[in-house]
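Visitor: I am new to this protein. Could you show me how to read some of its features?
Guide: Gladly; here it is.

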Amino acid sequence: MKKIIKHIIPLIILVFGISGCDYLDVVPDNVATIDNAFTLRNTAEKYLFTCYRYLPSHSSFSANPAFLGGDEIWTIKDGAEPNTFHIAQGNQNVNSPLVNYWDGGSEPYKGIRDCNIFMENIDNVPDLTNEEKIRWISEVKFLKAYYHFWLLRMYGPIPIIKENISIAADPSEVRVEREPVDDCVDYIVQLLDESLEGLPEFIEAELTENGRITKQIALSVKALVLVTAASPIFNGNQDYTGFNNSKGVPLINPEFSEEKWQLAKTACKEAVEFCHQSGRALYTFAPEYGFNIESDVTKVKMGIRNAVTQKWNQEIIWGNPNSLCVDLQRACTPGGLDPAYGSNVYTRGNFAPPLKMAELFYSKNGVPIDEDKEYDYAGRFSIKTVGEEDKYNLQLGYRTVGLHFDREPRFYADLAFDGGLWFGQGKLDDSDQWVIQCKAGQYQSAVALNRYSVTGYRPKKLVNYENIISETLYTIQEYPWPVIRLADLYLLFAEAINESDGPTDEAMFWVDLVRERAGLNTIKESWSRYSKYPNKYTTQDGLREIIQQERLIELAFEGKRFWDLRRWKLAHIELNKPISGWDIDQEKEENYYRERLIINQTFLTRDYFWPIRESNLTVNKNLVQNPGW
């Protein structure tokens, strides 16, 4: 009888946050042998779900660095903030790396290890149909690919673990090497391609299987992997010239490859076409019984919010039921939304987008506010009174800053701010919405310790409108985190087309679909009519800038900006800008609306990749550190 051995890979084991399993059941602790685990279909299925167990907690702001580790959400420094936030403050180090997924508990590599055990033993299950067997193998190959990709984005070149290392292995086999990024990508893509054989097109048994891997998920992740591989961080990045492993093999190819963008474009095209075939479409909001919505403005904003927060809607390609969005919603919801209940202790409202995120969104004309010929950019910090024309976005008669006027629908859908409105949370009439008032002494100000916004903004987008605040409770409609939605895939496709073929109508077509759902005109119409640079979209560089800003707006606060800035090699620009907000301790609007510096954020070239703990390099002489660390 072969004992289940914890294959010793001490030099590459990583820490990865385990999240609670929803529909998944895992192999019980008392199954002590490989033979027992794969003797029956039932126990083998539990082992399959054990392989799912290591999926990252995408919605966890303590496990996923993409929320608080960058610059799109800031929070209170109170001594209890998660390590992800310390990364944003420039406190990463080599002695005890923050959010360390390289060693310690090793969720990704434990996941890879269990996937390998599954593959080694699945043929031993006697009562498994061939169709089930093929599907399960395909799921495990996908998971193994995704665990490798998760690490690749963080660390760059990583060891590839095709098979587990035996406990009886020679010490030289345990001292693994980091493999070139191109080889890592090839292996990940190979696994994803192999997984397509047995994956279902879509989930039929939705009550019990939602969240399990489908063909549309695998194709979309393949598109993401290949776009990442084609992006400047891995494609022609000469900052890493001379970065070799211990054998002298270059780990990041400094030569640019146009073929990588062609491969990415093909993968995106295949994914988009298959998702359409499988019934995926951009979400649009249709009011149901109980709603009283007078304005199309509200419908557009609810379409933007619900595309993220309405569980299993038609836009969600991959939702992770292992990562239900609960704590994140508390952090985004301000206390005092209902004045009758004051500062509800079950809401925190301490997640705060900086002022630069508020400035990121377009004007109502669909172009950047500093490019719009009609937008008063110089007067954006002046105070104005809300008139009738803005009553569905702003509190009628309220005095707020010019920056809050004449903005695109996503600005009002995504952000809560002083003078803004909040639809939902018990109010389903757009002529009677909650009002947000953030100046000192008002209901959404810093009236409760550790439960306020340090900038004056909150990411309303991530809060389900069906949540209910009462005197003693905050009832949250949890939703599986949308790892990939169709708008994300469209924008990846547009990017790949522009990089491979230039500024074509096809590239703009996919962006325009996303803009249309957001209530905006096409790129051509918006830039031609309103931009100071009307021909911007006609050049590859110009359209690249447009597509990048479109992604940063459409996917704001969804954990995409963190990785996009890195793969575009723009993090050293954007993450070296000040983090600022309004002067939240002030009562009068003329004092409140003064930009207040919170921190001068710093980002060095070395920060593009995580450091490996220094002690690991001592134990394994074959490992090399990431440059700059």
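**A guided reading**

Guide: Let us begin with helix H16: at 1.5 Å a residue, its 16 residues should span 22 Å, and its end C-alpha atoms are 22 Å apart, which agrees. The expected span is 1.5 Å times one less than the number of residues, and helices (H or I, at least four residues) and strands (E, at least two) are DSSP runs numbered from the N terminus. The model is predicted, so local features need pLDDT of at least 70 and side-chain atom pairs count only at pLDDT 80 or more, while totals for chains, interfaces and linings use all residues. Residues are numbered from 1 along each chain as its sequence is written, and side-chain values use heavy atoms, leaving out hydrogens and water.

Visitor: How many of the residues of H16 are buried?
Guide: Buried means under 20% relative accessible area, exposed over 50%, and partly exposed in between (1.4 Å probe, protein chains only). In H16, 15 of the 16 residues are buried, so the helix is largely enclosed by the rest of the structure. After H16 comes Gly502, with a positive phi near 90°.

Visitor: Where do the buried residues of H18 fall, seen down its axis?
Guide: An α-helix has 3.6 residues a turn, so residues three or four places apart point the same way. In helix H18 (residues 523–530), the buried residues are Ile523, Ser526, Trp527 and Tyr530. They fall within an arc of 100° seen down the axis of H18, so they line one face of the helix. The arc is that of the directions from the helix axis to the C-beta atoms. These buried residues pack against H17 and helix H19 (540–554), where contact means heavy atoms within 4.5 Å.

Visitor: Which residue forms a salt bridge with Glu525?
Guide: Side chains of opposite charge can pair when their charged atoms come close. A salt bridge here is a side-chain nitrogen of Lys or Arg within 4 Å of a carboxyl oxygen of Asp or Glu. Glu525 pairs with Arg529, with the closest N and O atoms 3.4 Å apart. Because they are four residues apart in helix H18, Glu525 and Arg529 are separated by about one helical turn. Glu525 is partly exposed, at 33% relative accessible area, and Arg529 is partly exposed too, at 48%.

Visitor: What does the salt bridge between Glu550 and Arg410 link?
Guide: These side chains meet at 2.8 Å, N to O. Their pair links distant parts of the chain, with Glu550 in helix H19 and Arg410 in helix H15 (residues 409–414), 140 residues apart. Glu550 and Arg410 are both buried. The structure holds 52 salt bridges.

Visitor: How many aromatic pairs are there?
Guide: Rings of Phe, Tyr and Trp (its six-membered ring) pair if their centres lie within 6.5 Å; planes under 30 degrees apart count as stacked, over 60 as edge-to-face and the rest as tilted. That rule gives 36 aromatic pairs. One of them is the tilted pair of Phe417 and Tyr457, 6.1 Å centre to centre with 55° between the planes. Phe417 lies in the loop between strand S4 (415–416) and strand S5 (421–422), and Tyr457 in the loop between strand S6 (434–435) and strand S7 (458–459), so the pair ties together parts that are 40 residues apart in sequence. Both Phe417 and Tyr457 are buried.
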